[in-house]
Structure formats: structure tokens, C-alpha cells
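User: I have a model open and want to go through some contacts. Can you take my questions one at a time?
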Amino acid sequence: MIWIDTLVQGVLLGGLYALFAAGLSLVFGVMRLVNLAHGDLIVLAAFVILSVATALNLNPFVAAVIAIPVMFAVGWVLQTYLLNRVLGDDILPPLLVTFGLSVVIQNGLLELFSADSRKLTAGSIEAESVSLGGVTVGVMPLLTFVSAVLVIFALNQIFYRTKLGRAFRATSDDREAVGLMGIRPNNVFAIATGIAMVVATIAALYLGIRANFDPSIGPARLLYAFEAVIIGGLGSLWGTLAGGVIIGVSQALGAAINPEWQILSGHVAFVVVLLVRPRGLFPRSKD
Amino acid sequence: MSDPRKITRLIQLMGLAGVVLLFLVPVIGSRALVQDLFGVLTLLILAQNWNLLAGFAGLVSVGQQAFVGVGAYAMFACVILLGMDPLVGIAVGGVAAMLLAIPMAFFSFRLAGAYFAIGTWVVAEITRLCFAQWKALGGGTGTSLPKGTTKTMFGVPEIKSWLGGSSSAASDALTYWLALILALATLIAAYLFLKSRMGLGLQALRDNEEAARSVGVNPTRLKAWVFMLTAFGTGLCGALLFIQITRVTPEAAFSVLDWTAFVIFITVIGGIGTLPGPIIGVIVFYFLQRTLADYGTVYLIVLGCLGIAVMLFARRGLWGLFTEKTGIELLSLRQLPPTENQAR
Amino acid sequence: MEPILSTHGLTAHYGDFQALFGVDIDVRQGETIAIIGANGAGKSTLMRAITGLLQNAPDAITLRGEGIGALSAPEVLERGISMVPEGRRLFPSLSVEENLLIGGHTRTGNGVWNLETVYEIVPILKERRDHPGTALSGGQQQMVAIGRALMSNPDVLLCDELSLGLAPVVIKEIYASFPKIKERGASVVVVEQDIGQAMKIADRVYCMMEGRVTLQGRPDELSREDIHNAYFGVAS
């Protein structure tokens, strides 16, 4: 029974990781950008929610609604004025620029908010739990997982069912030819990064309610997110969810054996999956 | 005086004089200066290795801290568990890092393009977490070198009797000289390597992988060699660093900020893909760190912004800008006869 | 009649290589122009310059008198010029129908072309609407590319090397749809290496060689010899 419990906790944890990863997956799918600052942008979003919640004395869920357009704008500006200028055949500039951005955001937050641990407080919901067929699960982890599924479902709908999604896919296929269709790739990329930041804000909301955060935790979250994206198969959103769940379950199982092994098990699972399936579980196309 | 070749000659002579001066620092300089410069030189070694990896072989690793950490831990294991001299431990550290590079390459080379960076980073994290389990070396809290180890290190008594002063100062001098020699050796080795058949193949690969393949360059094998060799250099440097620090913890030995992030910025700002780049970068870094020392993490923000600015406006860094503006080249890797060079 | 689209001494460079040397062409309302010439004559470069994929001086290209030479591809499209690019350039991630729809992504114009009317002239595309665009035969893919370019209801339709890599029968089929396209009012510029095909559909022909226009005129005015000389550059 304890194993089923561990498994369920792991799956739910995977939901959080999938939320971390969904934005990355989208951005990679559209513009082949590997954003090393994504983890720090999630932490930035958490601080935005915290600031809004404190200043206006709001519940973090309400504060997040205000933070979402702010973060969309952050993503849009970042892409338009910085990232679009370094996208290209050479992989080095975007990697190094996002790496620099990561350090700047991390230390900027450190200057502004100090290294103290913070938390978003959502009231009694944090302690509530429900029983699912004999396994007791917290409402927050459950909500996180459900949100992850909804977010990925929504992203998929956007990607495959809307005019915007059509532009995303076409731009990803052939950046020059979309110009002949009247589509400006730089605008498409800016919107994609804006959406990725919206997802990052949702991830930040759950991150901040479920655990303490401080400016330094971005890179570790970034790694979990990337692991989820890579083992899920590049460009596949549902694959990203599966990847998140695999990392989450591995961490939970590892922790059940020895608490010191939690993080290590997640990383090892990543390596093992890639050794068996070099292109991940659900690769979208032959990149 | 406007003749670039004359200026080049002058700079080369100044460089030579600088090297001689650097060798004399422990004799004529203060101990604080020796320690400061030790820090600079070790960063330079790490930057040179990363530059070879990312700037020449196109392997953007964010996992170099793995090699520093393994080098450091291997040296500690030699001293504490096997009772060896730390200097032997340095060599073992280099070899250990190279051994780690084999499975690491096997794994991360599967990840295409930018995801290679993530792969190396994950492997570095795994290595850190594994070493945190090594109870004989203190597990997660780490351990120190036994008291007096560095004072009785091979060569220290001799240096002490030669220079005078304390044993600690003599051991600082020794590690300093080792760092200087390693930095110079790395520079010369990199130059000779890049001028060699393999090195030319590597640069051909950077320009056009298909063409390079068609003239018989095996990209994967070549890159794997560079990965292993730079791992060796980085491991040596890691072991050397921690002889001076004398205390090792998983967090410090596998720090992504100290051993990879700084190194990346140093190389990028100085000029990635150029041999003098890391030297310029490390000088800029040193002065930034000193000037902004009182403002907490501000220098990190400045460093990050500088790195971004370089990528936006001058992809070959400060050295690239300098070369472009003046026509002066040092350690040039271009295969052009000097007359044509002058005609530019 | 005033031309709708003109180039005036158009030049183009790829780095140090000059591909066009002062090209002047005029396209009038409702006219079909064929541009012929050997490989490397600069035909595709001319198309890329007109559509904004290559930047130029503002007044080097005019559309209804407005200088459009310095505009980007999306801006040129908005003003009513669309192109069937060389090699078709369908989007592999999009279905046939989506490939057509994206042609009208930013501009639908006010004309007759929409999904229905495109399917009318090429019914097979309607059957295959949910297939990936790149899963069709070469000729069908070319029809998707043409349909895609029509979806913005352009005033000028540029077609770059429609017959490249296709069987003669298929080429014939593709050009069979041209009268229907013309009858709905657009001016058409086709770049063709197949001289016979070009002569059949064109009102006027320009022949290019080494980045210059070497011959122009109505198909019935031009002798085989003129064309041969203009095409291969034999001194006359």
C-alpha cells in the first residue's frame, strides 16, 4: 500500500515538473530555442505573484491572475528585444544569452528580495486532502496535476486547432516561407514566449504555495523541466507530461528508499530513459 | 608605429616579459598577491579548456564543474585514504576527470545541439550527488586535508628554505607556480593542437561539417578527444585548486557558478574561439570583481549583462573587437601568408 | 495602360556576387508574363526581390506607383503580391487544408478565392484535405502551393519554376488551371525554363541572361532564333 501511495505522490509531483516544462517545450517546438533562463523566469514569476499578493493583500490565486499578463509582457519584450536578435543557425549565442539572463535574473532577485526563503500562503486549502480509492492525497498536489493536464491540453488545442497554432507550426517548419504568407516570425516567436511565460506563472503559483522558494532555486527547477522535455520527446507536449511524471515518480521512489536519493533518482531515470530511447518517448519529428 | 606587425611584435615581447614577471611574483610580491593571482590563473586554465570545448569544438558544456569536483575528490582520496603526496593526487585528479569524461561523452553526445549543455549539466549533478554519498570523504558535509599536509608537500621545504618565510607561504608559492605552468602549458598545447592536423580538422568542422566529413574528418571521434583532453586539464586544475583551498565539500567542488558560469563569461567577454580571449576575459573579470567587491552580487549582474552584450554586438568578444579595429593578431590560427595578412 | 507592377533598374547582390544588373520589367493589369532564361539567369532572384525576400531601394520596384522595393515579405503580401515559391515550400507540419488556409493568414483580399473555389478547380485537394501537405504527389503539391498563393486574392501572382521536377503530363495539368486563374482578374508572372509552355500561356515574354533582360515581346513576334540567342547568348 505504501508503494501505491508513493507512486501516486510521484505522479502528482510529476504534474508540477510538467508545468515547469510545458513552456520550454512550446518554445522549443516553435523556435528551437533552449532557454537556460526558464527556471529563473519561473522564480521571477513567483516573486511577481508574491509582490502582488502582499501589496494588494490578495490570495495568491487571484494575484496570479494579475501576474499572468505581466509575465506575458515580460516574455514578449524579452523575445522581441533580446532573443530574436540571437536566434539563428549558430546555437552558441542563444545559449549564452539565456545563460547570462539566468545569472542576471537570479542576482537581480537576490538584490531586490534578499536570499530569504519565501512562500505563497493560500490559506486552509494547503492542508486539505482527499481520499482517492484508499490513497490520501493533498488537495494542492492534486490541483497542480489537474492544472498541468489542463495547461497541456490547452496548449495542444492552441497548437493544433487555432490560427495562431498554425502560424506556430508553419514558422517552425520554414521561417522564410511564412513571410510570403504575411506572417512575421519575430512576432510569432514573441507570442510563443509570452505564452510560455503565462505557463511559467501558473507553475510559479504552485511552486510557491507548495514549498519555500528563494532566488537561487531556478537552475534546479530548470534541470527537472529540461529532463521532462527531453525524455518526453522534443516538441511533444503530452510527451512532456509523461516525462514530468517519470521524473516525479523516480524521485518519489528514490526518496522512499533513502531520502538522500530523491534528486539523484530523478536524474538517473533521465539518463536511463535516454540510453534506451535516444530520441525520447514521443518524438514529434525528425529534428 | 601604425604597422600592425610591429605592434604585434611589441605585444609579444611584453607578453614574454609578463610571463617572466609572473614567475617572479612569489619571490618579490606579497602573499596576498600570490593568492589572488593563483585564483586568476586557475580561472584562466578552466576558461582555456572551456574555450577549446565550446569555441573550437562547438561543445557547449555546462558541466565542467564535474571535472573540477572529481579532480578535487580524487586528490583528497589519494591524500586521505592512500596517504599519497598531494602532487601525485593532482595527476590522479586529472586522470580521474578524464575517466569520467568517457561515460559522460557517451551519454551527452546523444543529445543534439543545445541539449548537449543540459546533458552535461545533469551528469555533473549526478556526479555531485554521488560524491555526497562517499562517507569516507565526509559525505554531504565534506572534509579537510589533514593538518600540515600542504606544508610537507613535495618541494615545499625546499621552497621554504630558498624563499624564507612560512611553510604556508611556500606552499602557496608552489601551487602558484604549478598554476602558472599549467596555464602556459594549456595555452601552448592548445595552440599546437589547433595548428595540428586534428586541430585543423576541428576548425574545418566548425565551418562546415559536411565538407569536413567528406575529407575524412570523423566529427564524433574528434570531438570526443577534445572532450577528454579538456576534462583532463580541468581535472588537474580542480585538484590544484583544492590543495590551496584545503577543504572540499560537494557544493564547493561541483559549483556550477564558480567553475562553469564564471568561466563561460570570462571566455565570452574576452573572445570565444580565440586563443587570447580567455586571457583578456580573466583580466576583465578580476578587475570587475575587485571594483565591485563591496556591492554584493552586483558584479554578477554586470558580468551577465556584459556577456549578453558581447553576444549581441561583438560575438568574438573584446579580443575580436581589438583584432578587427587594429589588425593586430596574436596566436593567430589563420593559414595565411604574412604578406596577405598585411594587405588586409 | 499603366503597368500595375514595374521594376526600374533593379539590382541584387548575394554578398560580393551581383545577380541582377538593372532589370526593367512591366506587368499590366490582367496580363500574364513569362520570364524565361537558363539556370542562373537571375529569374528567381528577380522573384525574391519583388516579394521582399531580398531588400532593395524603395523605388526600384513599384506597385501601382508606390515604391515597394524596401518592404519586407509580409508588407509586400499585404499590398497584393503573392508568390508560389521555387520548390513549393509547403509546410510539412500542416495538412493540405491548413497549407491552403495559411495562404490567407493575414490577407484574404476581396476576391473570389477561398477554400471552396480553390477546391473547385482542384477537386483532388478536397479529398486529401487532411493529409499532410507533403504526403501528396509532386503535381498535387504544386497545386496546393498555387492554391495557397491564391488564398490571399493577390493582384499579382508570381509563380517560380512551376514545372521543375514534374512530368510533362503533370505540367500540362497544372497549366490547364491557368485560364481559370486569369479569368478572375489577377496578373500573373511565371518563371519558366520550359519555353514551349511559357509561350503558350504568356501575353508577353521576357528573356533573361546573366542578370539582364536580353529580349522581350509578344510570343507571336519572337522568332525561335531571337529566343535562342537571348537564351544562350550567341552573338547575333
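User: What does Ile35(C) touch, leaving out residues up to four places away in sequence?
Analyst: Ile35(C) touches Ile25(C), Lys43(C), Leu46(C), Met47(C), Val189(C), Val190(C), Val191(C), Glu192(C), Tyr206(C) and Met208(C). Contact here means heavy atoms within 4.5 Å. This is a predicted model, where local features need pLDDT of at least 70, side-chain atom pairs count only at pLDDT 80 or more, and totals for chains, interfaces and linings use all residues. Residues are numbered from 1 along each chain as its sequence is written, chains are lettered from A and ligands numbered from 1 in the order in which they are written, and side-chain values use heavy atoms, with hydrogens and water left out.

User: Which residues touch the most other members of the largest nonpolar core?
Analyst: Phe242(B), Ile35(C) and Leu46(C), in a core of 241 residues. Its largest share is 15 residues from helix 2 (residues 31-56) of chain B. A nonpolar core is a set of buried Ala, Val, Leu, Ile, Met, Phe, Trp, Tyr and Cys residues joined through side-chain atoms within 4.5 Å. Buried is under 20% relative accessible area, exposed over 50%, partly exposed in between (1.4 Å probe, protein chains only). Helices (H or I, at least four residues) and strands (E, at least two) are DSSP runs, numbered from the N terminus.

User: OK, switching to chains C and A. How many residues does each give to the contact?
Analyst: Chain C gives 22 residues and chain A gives 17 residues. Together they bury about 1,900 Å², 58% of it on carbon and sulfur atoms. Buried area is the accessible area (1.4 Å probe) that two parts lose on being put together, summed over both.

User: Last one: is Gly179(A) buried or exposed?
Analyst: Buried, because its relative accessible area is 6%. Gly179(A) sits in helix 7 (residues 177-180) of chain A. Not counting residues up to four places away in sequence, Gly179(A) touches Ala73(C) and Pro74(C).
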